[in-house]
Amino acid sequence: MASGTISLGTSGAILGQIVWSSSSNGVSKNSSQVTASIQVRKTNNTTQSTTGTWTGNLSINNDTRTFSIRKEVSKNAWVTLSSFTLTVSHKSDGTGTCPISGRIQGPAGTTQSSSVVSGSQTVTLDKI
């Protein structure tokens with residue numbers, strides 16, 4: 001099972017990341033299930049949490065899902081804003097890659113309203 005973390009960097013007092021994993025559907029299907037979760041937390045140099053509606057998007061293999069969710073975010077733990085799973089086909093030789101990307105914007109009306117983190121990476125799936 002392949003897995004990893006994609007950093008979305010830091011903006012203002014927020015950090016972002018995407019945690020992903022994949023599991024094979026087998027030789028007959030020549031595909032994998034890819035799951036990704038986009039997460040946020042506050043940086044360690046702040047003591048205040050931020051509560052509000054966090055917005056953004058998460059994309060697996062160019063299938064993009066937007067989110068708008070009210071959460072309280074502090075520096076103590078990663079908070080998942082969105083997650084989904086997608087079937088990704090492999091090449092005929094059993095190898096596979098998958099682009100994963102995401103973007104998070106801080107809640108309107110808070111000190112983090114102009115904070116935006118984003119990033120992307122093409123990940124390598126386990127050969128079937």
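**Strand order and local contacts in an all-β chain**

Beyond its neighbours within four places in sequence, N30 is in contact (heavy atoms within 4.5 Å) with S89, H90, K91, S92, G94 and I128. The C-alpha atoms of N30 and D93 lie 9.1 Å apart in space, although 63 residues separate the two in sequence. N30 belongs to the loop between β2 and β3 (31–42), and its phi is near 50 degrees, a positive value in a residue other than glycine.

The model is a predicted one, in which local features need pLDDT of at least 70 and side-chain atom pairs count only at pLDDT 80 or more, whereas totals for chains, interfaces and linings use all residues. Residues are numbered from 1 along each chain as its sequence is written, and side-chain values use heavy atoms, with hydrogens and water left out.

The chain contains eight strands and zero helices; both kinds of element are DSSP runs numbered from the N terminus, helices being H or I of at least four residues and strands E of at least two. In sequence order the pattern is β-β-β-β-β-β-β-β. The C-alpha trace spans about 50 × 25 × 15 Å along its principal axes. Of the 128 residues in the chain, 42% are buried, where buried means under 20% relative accessible area, exposed over 50% and partly exposed in between (1.4 Å probe, protein chains only). Among contacts in the chain with a separation of 6 or more, 60% involve residues 24 or more positions apart.

An open sheet is formed by four strands in the order β1-β2-β3-β6, with antiparallel pairing; two strands pair if DSSP finds at least two bridges between them. Because β1 (2–11) and β6 (79–89) stand at the edges with a single partner strand each, one side of each is left without a neighbour in the sheet. From one strand to the next the twist averages 15 degrees, with axes taken as lines fitted to C-alpha atoms (for helices over the stretch in contact) and angles running from 0 to 180 degrees between N-to-C directions. β1 and β2 (residues 14–24) run antiparallel and are joined by nine bridges. I6 has I18 in β2 as its bridge partner.

S32 is located in strand β3 and counts as buried, at 2% relative accessibility. Its side chain is joined to that of H90 by a polar contact of 2.7 Å. Such a contact is a pair of N or O atoms within 3.5 Å; within protein, one must be able to donate a hydrogen and the other to accept it, and residues adjacent in sequence count only if both atoms are side-chain atoms. Neighbours within four places in sequence aside, S32 is in contact with residues including S22, S23, S24, L86, V88 and I128.

A positive phi of about 50 degrees is also found at N61, which is not a glycine. N61 lies in the loop between β4 (50–60) and β5 (63–73) and, at 32% relative accessibility, counts as partly exposed.

Two arginine side chains are placed over aromatic rings. The charged end of R41 sits over the ring of W78 at 5.2 Å from the ring centre, and that of R65 sits over the ring of F84 at 4.1 Å from the centre. The criterion requires NZ of Lys or CZ of Arg within 6 Å of the ring centre and within 35 degrees of the ring normal.
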